[in-house]
Amino acid sequence: MASMILSDPSSAASVHRLSFTRFSNSLVFLRRFVGPLHVFSHTAALPRALSLHAPCSSRFITASMAAEPSAKVIDGKSVAKQIREEISAEVTKLKEAIGVVPGLAVVLVGDRKDSATYVRNKKIACESVGIKSFEVNLPNDASEQEVLKYISDFNGEPLVHGILVQLPLPSHMNEQNILNAVMIEKDVDGFHPLNIGRLAMRGREPMFVPCTPKGCIELLHRYGVDIKGKRAVVIGRSNIVGMPAALLLQCLDIGRGKMLL
Ligand SMILES: Nc1nc2c(c(=O)[nH]1)N[C@@H](CN(C=O)c1ccc(C(=O)N[C@@H](CCC(=O)O)C(=O)O)cc1)CN2
């Protein structure tokens, strides 16, 4: 699983985490908000991230406690609950306003326990907010043609607004053919090359963005973490998480984020 690390290269923004005060005699006071007092006798002894901010001529850094914590615990469960409530309200409004109940179709091929669990959880999440879910379970030895037939049916089904093909597919299937068959307007996973391509290009907007990296960004957003100008490291480069996470971070860095939030 990919992960993201964000750091702030600008000294002004880094005040939130670390604040430096330079004194005339070249002493630099580092106020570390949480944790023990650290005293460094030379910049060379600083951790790399800190030495970026310390003036070259600094010889000493001392530390003291301050009120604001340097790390925030992100409570994903509470954000998820909040998002479910918001979606539930939107679904109700939509139904009342135009009589439409959003529908999600999930295609699961094979008998992988983890995939079955993810699909079950997606179904439960849909039900909890009033989204209607449609499910197709095919055996491991199903043919690619069978999967394509279901996708084509869901593409043409007006009650289905989103289609999700659970990955990985059995090895005899061509994942690219199958993901390409989902119409981009219903590609809620954002895995269609047109949606990923739009995410990668300036001036283009994807219809959907892959959900796991979008979830990470949403958590940062809801906790008021501004991504613009930050340095980010994405560990992992999968099509599902790492690659779209890197694209999303680039979008937000150059202010293309409105469509994503
Ligand atoms: N059609 C899709 N297939 C797959 C997707 C997907 O997004 N769409 N992603 C994965 C499976 N998956 C959801 O379907 C999924 C797996 C794991 C996680 C995740 O965040 N895992 C965390 C642990 C979370 C927890 O249990 O608390 C982690 O590994 O750190 C998200 C989504 C492949 N197939």
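Helices in these legends are DSSP runs of H or I with at least four residues, strands are E runs of at least two, and both are numbered from the N terminus. Every view comes from a predicted model.

View 1. Welcome to the ligand shell, which holds 12 residues; Lys-122, Val-165, Gln-166, Leu-167 and Asp-189 come nearest to the ligand. By class, eight residues of the shell are nonpolar, two are polar and two are charged.

View 2. Look for the side chain of Lys-122, where a polar atom lies 2.7 Å from an oxygen atom of the ligand. Leu-167 takes part through its backbone instead, with an N or O atom 2.8 Å from a ligand nitrogen. At Asp-189, an N or O atom of the side chain is 2.6 Å from a nitrogen atom of the ligand. The ligand taken alone exposes 680 Å², and the protein buries 56% of that area. Helix H4 (113-129), strand S7 (162-165) and helix H8 (211-222) are the elements that each give two or more residues to the shell.

View 3. Pro-168 sits in the loop that runs between S7 and helix H6 (175-181).

**View 4. Two spans annotated in UniProt.** From an unreviewed UniProt entry comes the feature "domain: Tetrahydrofolate dehydrogenase/cyclohydrolase catalytic", placed at residues 74-189. That span is 52% helix and 16% strand, and its end C-alpha atoms lie 24 Å apart. UniProt, again in an unreviewed entry, puts "domain: Tetrahydrofolate dehydrogenase/cyclohydrolase NAD(P)-binding" at residues 210-250. Here the chain is 51% helix and 12% strand, with 15 Å between the end C-alpha atoms.

**View 5. Helix H9, from its length to its buried residues.** H9 covers residues 242-253, and at 1.5 Å a residue its 12 residues should span 16 Å; the end C-alpha atoms are 16 Å apart, so the two values agree. Buried residues of H9 include Pro-244, Leu-248 and Leu-252, along with Gly-242, Ala-245, Leu-247, Leu-249 and Cys-251. As a handy guide, an α-helix has 3.6 residues a turn, so residues three or four places apart point the same way. After H9 comes Gly-255, with a positive phi near 80 degrees.

**View 6. Ile-74, in a loop and partly exposed.** Ile-74 lies in the loop between strand S4 (60-64) and helix H3 (76-98). Its relative accessible area is 36%, so Ile-74 counts as partly exposed. Although 145 residues separate Ile-74 from Leu-219 in sequence, their C-alpha atoms are 7.2 Å apart in space.

**View 7. Ala-142, buried in a loop.** Ala-142 is found in the loop between strand S6 (132-138) and helix H5 (144-156). With a relative accessible area of 2%, Ala-142 is buried, because the cut-off for buried is under 20%. Between the C-alpha atoms of Ala-142 and Gly-224, 82 residues apart along the chain, the distance is 46 Å.

**View 8. Gly-99, an exposed loop residue.** Gly-99 has its place in the loop between H3 and strand S5 (103-109). Gly-99 counts as exposed at 54% relative accessibility, because exposed means over 50%. Val-182 is 83 residues from Gly-99 along the chain, and their C-alpha atoms are separated by 25 Å.

View 9. At 0% relative accessibility, Asn-195 counts as buried. Phe-208 is 13 residues from Asn-195 in sequence, and 6.6 Å separates the two C-alpha atoms in space.

Conventions: Residues are numbered from 1 along each chain as its sequence is written. This is a predicted model: local features need pLDDT of at least 70, side-chain atom pairs count only at pLDDT 80 or more; totals for chains, interfaces and linings use all residues. Side-chain values use heavy atoms; hydrogens and water are left out. A residue is near a molecule or strand if one of its heavy atoms lies within 4 Å of it. A polar contact is a pair of N or O atoms within 3.5 Å; within protein, one must be able to donate a hydrogen and the other to accept it, and residues adjacent in sequence count only if both atoms are side-chain atoms. Accessible areas come from the Shrake-Rupley method with a 1.4 Å probe; for residues, only the protein chains shown count as cover. Ala, Val, Leu, Ile, Met, Phe, Trp, Tyr, Cys and Pro count as nonpolar, Asp, Glu, Lys and Arg as charged, and the others, Gly among them, as polar. UniProt positions are given in the numbering used here, feature names are shortened, and annotations may be inferred rather than shown by experiment. The expected span of a helix is 1.5 Å times one less than its number of residues. Buried means under 20% relative accessible area, exposed over 50%, partly exposed in between (1.4 Å probe, protein chains only).
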